[in-house]
Amino acid sequence: MKYIVTFYSHFGAIRFKREAPTTWGTIQLMPVPRDLSSSCGTCAVIEVEGTVEFAHQQYHDIEQIVRVTGDGYEVLCHSDK
């Protein structure tokens with residue numbers, strides 16, 4: 001599975017990468033696909049076997065978490081900030 005996490009700030013993206021569980025594997029920071037967001041411009045891409053459980057409340061700068069599908073994106077959660 002491939003997930004994309006968008007943020008309200010670049011610092012939030014950096015902190016997320018630093019604090020994310022190591023069981024998630026490699027997290028890459030990259031520019032946000034424009035059809036997802038225009039907030040801070042940086043997103044985290046997580047590719048794992050199986051699924052990931054996100055406790056997005058512990059990461060305060062998360063704007064949204066989406067799963068990449070064959071048809072585009074499936075929004076798993078979106079912040080009400």
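Colleague: In what order do the strands of the open sheet come, and is the pairing parallel or antiparallel?
Modeller: The order is β2-β3-β1-β4-β5, an open sheet of 5 strands, and the pairing is antiparallel. The edge strands, each pairing on one side only, are β2 (27-31) and β5 (72-78). Strands (E, at least two residues) and helices (H or I, at least four) are DSSP runs numbered from the N terminus, and two strands pair if DSSP finds at least two bridges between them.

Colleague: By how much are neighbouring strands of this sheet turned against each other?
Modeller: On average they are turned by 30°, direction ignored. The axes are lines fitted to C-alpha atoms (for helices over the stretch in contact), and angles run from 0 to 180 degrees between N-to-C directions.

Colleague: Which strands does α1 touch as it packs on the sheet?
Modeller: α1 touches β1, β2, β3 and β4, and its direction makes about 165° with that of β2. A contact here means heavy atoms within 4.5 Å.

Colleague: Before we continue, what sort of model is this?
Modeller: It is a predicted model: local features need pLDDT of at least 70, side-chain atom pairs count only at pLDDT 80 or more, and totals for chains, interfaces and linings use all residues. Residues are numbered from 1 along each chain as its sequence is written, and side-chain values use heavy atoms, with hydrogens and water left out.

Colleague: Understood. How do the elements run from the N terminus on?
Modeller: They run β-α-β-β-β-β, which corresponds to 1 helix and 5 strands.

Colleague: How many bridges do β4 and β5 pair over?
Modeller: β4 and β5 pair over 6 bridges in the antiparallel sense, and they form a hairpin with 2 residues between them. Within that pairing, Thr-69 has Gly-72 of β5 as its bridge partner, while Ile-65 stands opposite Cys-77 in β5.

Colleague: Does Cys-77 count as buried or exposed?
Modeller: Cys-77 counts as buried because its relative accessibility is 15%; buried means under 20% relative accessible area, exposed over 50%, and partly exposed in between (1.4 Å probe, protein chains only). Cys-43 is buried as well, with a relative accessible area of 0%.

Colleague: And how many disulfides does the count come to?
Modeller: The count comes to 0 disulfides, a disulfide being a pair of cysteine sulfur atoms within 2.5 Å.

Colleague: Why does Arg-67 count as buried?
Modeller: Arg-67 counts as buried because its relative accessibility is 17%. It lies in strand β4 (residues 62-69). Leaving aside residues up to four places away in sequence, Arg-67 touches Met-1, Lys-2, Tyr-3, Gly-72, Tyr-73, Glu-74 and Leu-76.

Colleague: Changing topic: which residues touch the most other members of the largest nonpolar core?
Modeller: Of its 15 residues, those are Val-5, Phe-7, Phe-16, Trp-24, Ile-27 and Ile-46. Two or more residues of this core come from each of β1 (2-7), α1 (10-19), β3 (42-47) and β4, and β1 gives the most, with 3 residues. Another core, of 6 residues, lies apart from it and includes Ile-4, Leu-36, Cys-43 and Val-66. A nonpolar core is a set of buried Ala, Val, Leu, Ile, Met, Phe, Trp, Tyr and Cys residues joined through side-chain atoms within 4.5 Å.

Colleague: How many aromatic pairs does the count come to?
Modeller: The count comes to 2 aromatic pairs. Phe-7 and Phe-16 form a tilted pair, 5.3 Å centre to centre with 55° between the planes. Phe-16 and Trp-24 form a tilted pair at 5.8 Å centre to centre and 40° between the planes. Rings of Phe, Tyr and Trp (its six-membered ring) pair if their centres lie within 6.5 Å; planes under 30 degrees apart count as stacked, over 60 as edge-to-face and the rest as tilted. Phe-7, Phe-16 and Trp-24 form one aromatic cluster.

Colleague: Why is Phe-7 buried?
Modeller: Phe-7 is buried because its relative accessible area is 1%. Phe-16 and Trp-24 are buried too.
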